[in-house]
Amino acid sequence: MVLTLANYSCLEEWKRILALVLTCEKSVQSESEFFARFLRLLKQQLERTDDVEGGLFDMSDDGGAFLKALLKGFKRTLGQTLESTGEKDGIEDVKEEFEEVENWVKDHYRWELGDEFVRNGMLELEDGEMVTMETKELEGEDESGEYAPVVVDL
């Protein structure tokens, strides 16, 4: 893996494959064994990112945003699939493998893949002063309300 992903074009192809697989919606149920194996492999790859000096790829906030967004979307897709089909054996395996990946990125990168996040609130500073904070940073990730997808008939 080190020799393969050390090449920039191979890294870009790896990103395309990740995007393709993690954005599939209908195949999660029918190809559950593939998705479970894919998530297991992804976790193994992430565990080896630091084997090379400087890492195989940038997993900081900026560089990891690509993977983080894909994992959040896949978590949402997996949740919708579980709601619509119930917890069948194959889907349950995918869920377990995804939870392994989710726990690993939470422990190592402090990524929260859930949809629950605070947009505004009170924050206490070191000197005890209370200030109101508001963030617009995560608005694009929210697909509800005014950000919900809309079908337009032409």
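Start your tour by selecting helix H6, residues 89–109, which gives the most to a patch of negative charge, with three residues. Helices here are DSSP runs of H or I with at least four residues, strands are DSSP runs of E with at least two, and both are numbered from the N terminus. What you have open is a predicted model, where local features need pLDDT of at least 70, side-chain atom pairs count only at pLDDT 80 or more, and totals for chains, interfaces and linings use all residues. Residues are numbered from 1 along each chain as its sequence is written, and side-chain values use heavy atoms, with hydrogens and water left out.

**Stop 1: the negative patch**

Now select Glu31, Glu33, Asp93, Glu96 and Glu99, which gather in that patch on the surface. Residues in a patch have over 30% relative accessible area and no salt bridge; like charges are joined within 9 Å, and nonpolar side chains (Val, Leu, Ile, Met, Phe, Trp, Tyr) within 5 Å. Asp and Glu count as negative and Lys and Arg as positive, while His and the chain ends are not counted. Each charge is placed at NZ of Lys, CZ of Arg, CG of Asp or CD of Glu.

Click on Glu33 next, in helix H4, residues 32–47. Is Glu33 buried or exposed? Glu33 counts as exposed because its relative accessibility is 57%. The cut-offs are under 20% relative accessible area for buried, over 50% for exposed, and in between for partly exposed (1.4 Å probe, protein chains only).

Then move to Ser32, also found in helix H4. Ser32 counts as buried, with 13% relative accessibility. Which residues does Ser32 contact, leaving aside its neighbours within four places in sequence? They are Ser27, Gly90, Ile91 and Val94. Contact means heavy atoms within 4.5 Å.

**Stop 2: salt bridges**

A salt bridge is a side-chain nitrogen of Lys or Arg within 4 Å of a carboxyl oxygen of Asp or Glu. How many salt bridges does this rule give? The count comes to seven.

- Select Glu12 and Lys15, whose side chains meet in a salt bridge at 3.8 Å, N to O. The two are three residues apart in helix H2 (residues 8–22), so about one helical turn separates them. Glu12 is partly exposed at 22% relative accessibility, and Lys15 is partly exposed at 27%.
- Select Glu100 and Lys43, which form a salt bridge with their closest N and O atoms 3.9 Å apart. Glu100 lies in helix H6 and Lys43 in helix H4, so the pair ties together parts that are 57 residues apart in sequence. Glu100 counts as partly exposed at 42% relative accessibility, whereas Lys43 counts as buried at 18%.
- Select Lys106 and Glu112, whose side chains meet in a salt bridge at 3.7 Å, N to O.

**Stop 3**

Pick Arg110, in the loop between H6 and E1. Phi of Arg110 is near 60°, a positive value in a residue other than glycine. Arg110 is exposed, with a relative accessible area of 72%.

Next, show the C-alpha atoms of Ala65 and Trp111. These atoms are separated by 9.8 Å, although the two residues are 46 residues apart along the chain. Ala65 lies in helix H5, residues 65–85, and counts as partly exposed at 37% relative accessibility.

**Stop 4: a nonpolar patch**

Select Leu123, Leu125 and Met133, which form a nonpolar patch on the surface with about 250 Å² of accessible area together. Accessible areas come from the Shrake-Rupley method with a 1.4 Å probe; for residues, only the protein chains shown count as cover. Leu125 is found in the loop between strand E1 (120–124) and strand E2 (130–134). With a relative accessible area of 35%, Leu125 is partly exposed.

**Last stop: the whole chain**

Zoom out and colour by secondary structure. The chain has six helices and two strands, in the pattern α-α-α-α-α-α-β-β along the sequence. Of its 154 residues, 28% count as buried. The chain exposes about 10800 Å², of which carbon and sulfur atoms supply 48%. Among contacts between residues at least 6 apart in sequence, 57% join residues at least 24 apart.
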